[in-house]
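Work through the exercises below with the sequence and coordinates at hand. Each task is followed by a stepwise solution.

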Amino acid sequence: MNTATAPGLDRPATTPEAQALAEGIRTWIECESPSNDPAAVHRMAQIVVTKAKSAGLKVELSEIGPTQLPLIHATNRADGDTRPGLLLLAHIDTVHPHGTLQTNPCRIEDDKLYGPGCFDMKGGTFLALTALGEFSKPGSTPMPVDFLLVPDEEVGSHASREHIEAFAKRAVYTLVPEPARPNGGRCVTGRKGTGMLKLVVTGKPSHAGMAHEKGRSAIREMAHQILALEAMTDYSRGITVSVGTISGGTVTNTVPSHCEVMVDFRIPDEATGQEVLARMQALKPVGPDVTLNIEVELNRPAMVKSPAADKLLETLKPFASDAGFVLEEAPVSGGGSDANFTAAIGCPSIDGLGAEGDGAHTLREHIFVSTLPRRLQFWRNTLANLTA
């Protein structure tokens, strides 16, 4: 009997299976793994590798990037099997600094499992890996499955990107257990592209009292530039520009000769991204005798919804229904993920297939314990039935 309900709106009762899954996820949460601490991310990687190997999966752990971060590849492929297959893609790093467990301890309250990284994205990753472990024998899934777990998604996936794209080029589909969207647990078929700008203004210092007219204030100039940057936001076109950090000056009685900002921008597609890049690169000083140094990049291409992704979503819907929930797509997300890379190279990709919850990147981050079994069953159904 199909008892599918709208996810997140009508949650089932908590079962022993749900409690057991929550305890497994707790082990992952309690290993804090902030992106900027390679040793911590390595500790998290070892927990993942142990789980994958104990399930019978073949596992390769390599080190990438200048800080030698751990990249994990787990697979149920037979030796020599080079067929295109299914790529599962996740990250093991979190945005939360060490010590977050002290202010946001791992605990269960009112069906909510709290803790840093539980929702984004240790819960969903644990479920997907648990399911794949049940299909560890080569040939137990219609397609071979590669599970790539990267260490630096929260800081841009700079070291991981080439590996992600290489796996995606050999895949039929990519599925990503990033958090399901809050208030309904919907999946993601479109994401904005993300970019970053570093702008440095150099002026001329002088005494703020005795020689104010001789100075050229970098902060004054930056104020003009900030207004110009923020004015690039156009909600009707899906463009947002946000000056996130600013620093400058030395002491209050010196006209400041230095100021810099870091700017986040989001775009709906490649053409718009190139337009925004060009506008940022064309910034000019407003005042005299000041210089601008502009470093800008489009870090993640937009994940533009495609007919192939639409078709893949329709294929996945019955797997969710048989697991007890309705799989629907969310509006285009402003947040980026590694699915941006896989979709941009033409691999049909569905994101947001992870745990149900809310509060990503905050101290109220949580997942719903009672919904864990149905999300696990979705992964079982998908792995057992998805074909090329």
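The model is predicted, so local features need pLDDT of at least 70 and side-chain atom pairs count only at pLDDT 80 or more, while totals for chains, interfaces and linings use all residues. Residues are numbered from 1 along each chain as its sequence is written, and side-chain values use heavy atoms, with hydrogens and water left out.

**Exercise 1.** Find how many disulfides there are by the distance rule.

Solution. 
- Step 1: Apply the rule: a disulfide is a pair of cysteine sulfur atoms within 2.5 Å.
- Step 2: Take C31; the closest cysteine sulfur belongs to C106 and lies 12 Å away, too far for a bond.
- Step 3: Take C187; its nearest cysteine sulfur, in C347, is 15 Å away, and C187 is in no disulfide.
- Step 4: The count is zero disulfides.

**Exercise 2.** Decide whether C31 is buried or exposed, and do likewise for C187.

Solution. 
- Step 1: Use the classes buried (under 20% relative accessible area), exposed (over 50%) and partly exposed (in between), with a 1.4 Å probe and protein chains only.
- Step 2: C31 has 11% relative accessibility, so this cysteine is buried.
- Step 3: C187, at 0%, is buried.

**Exercise 3.** Determine the strand order of the open sheet that has four strands.

Solution. 
- Step 1: Strands (E, at least two residues) and helices (H or I, at least four) are DSSP runs numbered from the N terminus; two strands pair if DSSP finds at least two bridges between them.
- Step 2: β4 pairs with β5 (112–114) through three bridges, in the antiparallel sense, and R107 faces Y114 of β5.
- Step 3: The order is β4-β5-β16-β15, with antiparallel pairing.
- Step 4: β4 (107–109) and β15 (357–358) pair on one side only, which makes these the edge strands.

**Exercise 4.** Classify the packing of α2 against α4 and of α1 against α10.

Solution. 
- Step 1: The axes of α2 (38–54) and α4 come within 10 Å and cross at roughly 25°.
- Step 2: Angles under 35 degrees count as roughly parallel, and 65 to 115 as roughly perpendicular; α2 is therefore roughly parallel to α4.
- Step 3: Contacts include M44 and V48 of α2 and F126 and L129 of α4.
- Step 4: α1 (16–29) and α10 (372–385) pack at about 85° with axes 8 Å apart, and are therefore roughly perpendicular.

Conventions:
Axes fitted to C-alpha atoms, helices over the stretch in contact; angles between N-to-C directions. Parallel < 35°, antiparallel > 145°, perpendicular 65-115°, else oblique. Contact = heavy atoms within 4.5 Å.
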